[in-house]
Every structure is written in structure tokens, then in C-alpha cells.
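Trainee: I would like to learn how to read a structural model feature by feature. Could we go through one together, taking the general idea before the particular case?

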Amino acid sequence: MELRYSVEKACFYFRQYLGKYSLLLLIDTVGMAILISCLNLSLSCGERLRVLKKEMEEEGIELDYSMSNASAGYPIMPQDIRDYPSIEKKLFYFPYRYSQCEDCDGNVYSYQCCFLSDAVFEQLFGMEREAGTVYIGDGAYDTLNRIKERAALQDDYDFFLYYHFEDDIAYLGEEPIADLSQVKRLNEKQADISLNCPNGFFKIGAQISLSDCLILPLEMMEKLDFETGAMPYKCVIAIYQGERADENISELLGFIRFLSERHPELQYDISDRILELEQAALDLMIPYRSLLLAAISMLLIIMTGMIGIFILILHRRKKEQAVSLAYGATKSQIFLEIFLEVFLCFAVGALFAGVAAWYVTPQLTISYLNLTGAWHGLTVWCAVGITLAEALCISGIALAVVGRENVAGTLREL
């Protein structure tokens, strides 16, 4: 009964002073809506980061490079890796040359010529390489057969064709690159494997499909020094597959310094999707964390204003409180009535803020991240906790300022 009476009394005073509370309620709603919205975004961002990092935890760290001269040579040579043996077993090393040419009729011929060590070949396809076998995807096989047909008809005008054929053996310049009668075709599953290209000569997001690749042993890379116009680009995919421990990162940075000293005409760096993702998320959330601080400042201002209002209200209610105490009411009951009245004000503001936050929380997109205004249990508990804290602080401070002595003095006056 006492609690019900206190609740009814708090509702009565809330309705009576609603006009005075309205402006502060509006500001409280705005501040709480911004706070809830920013908290939801921050929690969504953190949750999405954890999911993506778990998905990427098996990924390696890519070695990135840039060169000003396409004919400068391969950015990482097999000899570089042999001279830095601690990196050899941790490096997925995929050097290739990109071949594209066009005949006088406008027909385009393109494929990749790739050089893989036995270890990388086994890692990529899950099987051992047959000794002396050249593997080829259907796309590259069809391209070389098209070139073979065109080469049989070539004339002096087809100066672009650096290829010639002796039976089924394809020569690029003077070097044999494949015997089309002896190559082993990749199966459908193997040909579907795609690798990200470095950014040196391809658009970001482009990929190498193994269907378009002629795959040769790594040893042939140093033997076949193609310098013809048919294969202008020399590129490498190099992914460090050690764990992201400080020791391994230091080892990788040491290898990069080693490459920079050996190939000073190139610039090397590391490209780690997890680090890039964390940095992108941090950059994305900076303005919203600033808004979060602004929202907290607004709520503190509201608390200060509400304290002043309730001090004035309690001064006007001294006689009422004195009569209540005289008829047996306790200080706890007086505090409960004031607390419920203040809590009701902020609960209404928090409710409106929650509805507003649901509609105003923006949808954000960055690399690998799609953030929406998803609700989180922690946000709800934070909103409830802040509302309770505001009510406790305001009612407690207001009663402390008015003071027990003032009530006692009012009783004597009566």
C-alpha cells in the first residue's frame, strides 16, 4: 500500500509539473538518444570486428610493393628467399608473369605464366606435383591453342607474335614454355581457385584465376628469363603465414628490410587485412565517440538543471513534508516519493530516446564492415543504469540541500 501510494503521488506531481519538466525532458531525450545510438554503433562495430577477425585468423600477411619501372625485375626472387632461410617455410610465394597481346585483327590473347615451388604447389592443391609435369588451366590451354592456330597463319604484319611452335611445343622467343601434348589439365575444383592480385598493375580487388594459368616449377623461373613484349609484367603474391606474434612480425619486418637493401629501386610494405580493418573501424568510430562524449555532457547538464528545479520544488513542499512526518511518514518514504518522481521523468525521456535511436542510428559501411542500428543488451542496461543513477543523484542531492533541519523548523512554525 505504501509503495502504491508513493507511486500515485509521484505520478500526480509529474503531471502537475510536466510543463516545467518538458524542456529538460526534451534535452534529456536528445542526449540519451545520441548516447544509445552511439553505444549501439560502437558495440555493433566491436561485435562485427570480432566475427571478421575470427574468420580471418588463418589468413597470412601479404607483402606489398611498388615499383616505378615494370622491367625492374621480380620484386622477390627465389634467391632472396634462399638467402633468408628463416622465412622460407612461412612464405606463400607465387611469382607470375602476365601475358597479353593483340594481333592485327584485334584478337586478344592473355594468360598468366606462374612458377611454384613443390611446397607451395602442395599447399595450393593439396597434392604432390608429378615430377617434370607442367600443369595448365583450361583458359590458358585454350589461349595457347588459339596462339598456335594464329602463329601458323602469321605473316610479317603479325610482329606481335613472339610465339612459335614446333609440333605441340610452344616457344616464347627462343625458350620452350610448354608441350601442349604433355601438359596436365587442372580439374574443375583446382581451376576455381582464385588469388588476390597485388596492386601494382591491377585494379584493387582483381584476382588471378588458376584457370588462366600455366603452372611451371619454380626452378624454371630463373632459367626462363622472358624479356619479350608478350610478357610485360613480372609480379608476385607473397603471403607470410606465420602467427601474428611479435617475434614473427619482427622476422617479417626484417625480411622487408633485407629486400629493400637488395632491391633499392622498389618499396616494400606489409598489407594485413586485420590491421587495416581495425584501423578502418577506429577511423569510422572517431566522430561517433565524440558524439558520445557530447551526449554524456548533455546528460550532466540536465542533471544540474533538474537538481536546481527539485531544490525549488522541495522548498515549496516543506509544509507538506512536515505534515507527512508528523503523521508518521519516514524519511525513507519521503526520499522514495522524490526518487520515483525524478525516475519517472528520466524513464519517460529514456523511452522516447530509445524509440528515436531506433530510427536515427545510421547504417555505415566500410571495408568488410556493414554496421546497422542493432540493439544490444548492454545498451539497454546502460540506459537503465544511467536513468537510475540520475534519479538517485538528483533526489539525494535535492533532499540533502533542503535538509532535515528545514523540515523540522517548518514543523515548529506550524
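Trainee: Let me begin with a helix: which are the buried residues of H5?

Mentor: Please keep in mind throughout that this is a predicted model. As a general idea, an α-helix has 3.6 residues a turn, so residues three or four places apart point the same way. In this structure the buried residues of H5 are Gly139, Ala140, Tyr141, Thr143, Leu144, Ile147, Arg150 and Ala151. Their cover includes the strands E3 (108-116), E4 (135-136) and E5, together with E7 (175-179), E8 (184-185) and E11 (213-217).

Trainee: How many residues does H5 have, and what span should they give?

Mentor: H5 has 16 residues, which at 1.5 Å a residue should span 22 Å, and the end C-alpha atoms are 23 Å apart, so the model agrees with the expectation.

Trainee: Arg150 is on that list, so what is its relative accessible area, and where does the residue lie?

Mentor: Arg150 lies in helix H5, which runs over residues 138-153. Its relative accessible area is 13%, and it counts as buried because the cut-off for that class is under 20%. For a spatial reference, the C-alpha atoms of Arg150 and Asn107 are separated by 9.8 Å, while the two residues are 43 apart along the chain.

Trainee: How should I read pairs of aromatic rings, and how many aromatic pairs does the count come to?

Mentor: A pair of aromatic rings is described by the distance of the centres and the angle of the planes. Counting pairs whose ring centres lie within 6.5 Å, the model comes to 7 aromatic pairs. Ring pairs also link Tyr84, Phe255 and Phe258 into a cluster.

Trainee: Phe255 and Phe258 bring me to H8; which of its residues are buried, and what do they pack against?

Mentor: Helix H8 covers residues 246-262, and its 17 residues reach 24 Å from first C-alpha to last, close to the 24 Å expected at 1.5 Å a residue. Its buried residues are Asn248, Glu251, Leu252, Gly254, Phe255, Ile256, Phe258 and Leu259. These pack against helix H3 (78-82) and against the strands E1 (61-67), E2 (91-102), E12 (233-240) and E13 (266-271).

Trainee: Within E12, is Ile239 buried, exposed or partly exposed, and which residues is it in contact with?

Mentor: Ile239 lies in strand E12 and counts as partly exposed, at 22% relative accessibility. Leaving aside neighbours within four places in sequence, Ile239 is in contact with Gly60, Ile61, Glu62, Lys90, Leu91 and Phe92. Ile239 and Ile270 are 31 residues apart in sequence and 9.3 Å apart in space, taken C-alpha to C-alpha.

Trainee: What does a backbone angle tell me, for instance the phi of Asp167?

Mentor: Most residues other than glycine have a negative phi, and most peptide bonds are trans. Asp167 has a positive phi of about 55 degrees although it is not a glycine. Asp167 lies in the loop between strand E5 (163-166) and strand E6 (169-172), and it is exposed, with a relative accessible area of 72%.

Trainee: Turning to open space, what volume lies in the second largest pocket, and which residues are closest to its centre?

Mentor: About 340 Å³ of space lies in the second largest pocket. It is lined by 16 residues, of which Glu88, Ser117, Ala119, Val120 and Leu218 are the closest to its centre. H3, E2, helix H4 (118-125) and helix H7 (219-223) each supply at least two residues of the lining, and H4 gives the most, with 4 residues.

Trainee: Finally, what does the chain as a whole contain, and what share of its residues is buried?

Mentor: The chain contains 13 helices and 15 strands, and buried residues make up 45% of its 414 residues. Of the contacts with a separation of 6 or more, 77% are between residues 24 or more positions apart.

Notes. Residues are numbered from 1 along each chain as its sequence is written. This is a predicted model: local features need pLDDT of at least 70, side-chain atom pairs count only at pLDDT 80 or more; totals for chains, interfaces and linings use all residues. Side-chain values use heavy atoms; hydrogens and water are left out. Buried means under 20% relative accessible area, exposed over 50%, partly exposed in between (1.4 Å probe, protein chains only). Rings of Phe, Tyr and Trp (its six-membered ring) pair if their centres lie within 6.5 Å; planes under 30 degrees apart count as stacked, over 60 as edge-to-face and the rest as tilted. The expected span of a helix is 1.5 Å times one less than its number of residues. Contact means heavy atoms within 4.5 Å. On a 1 Å grid over the protein atoms alone, a cavity is a set of points where a 1.4 Å probe fits but cannot get out, and a pocket is an open set with protein on both sides within 12 Å along at least five of seven lines; lining residues have an atom within 4 Å of a point. Grid points are joined across faces, edges and corners, and a volume is the space filled by probe spheres set on the points.
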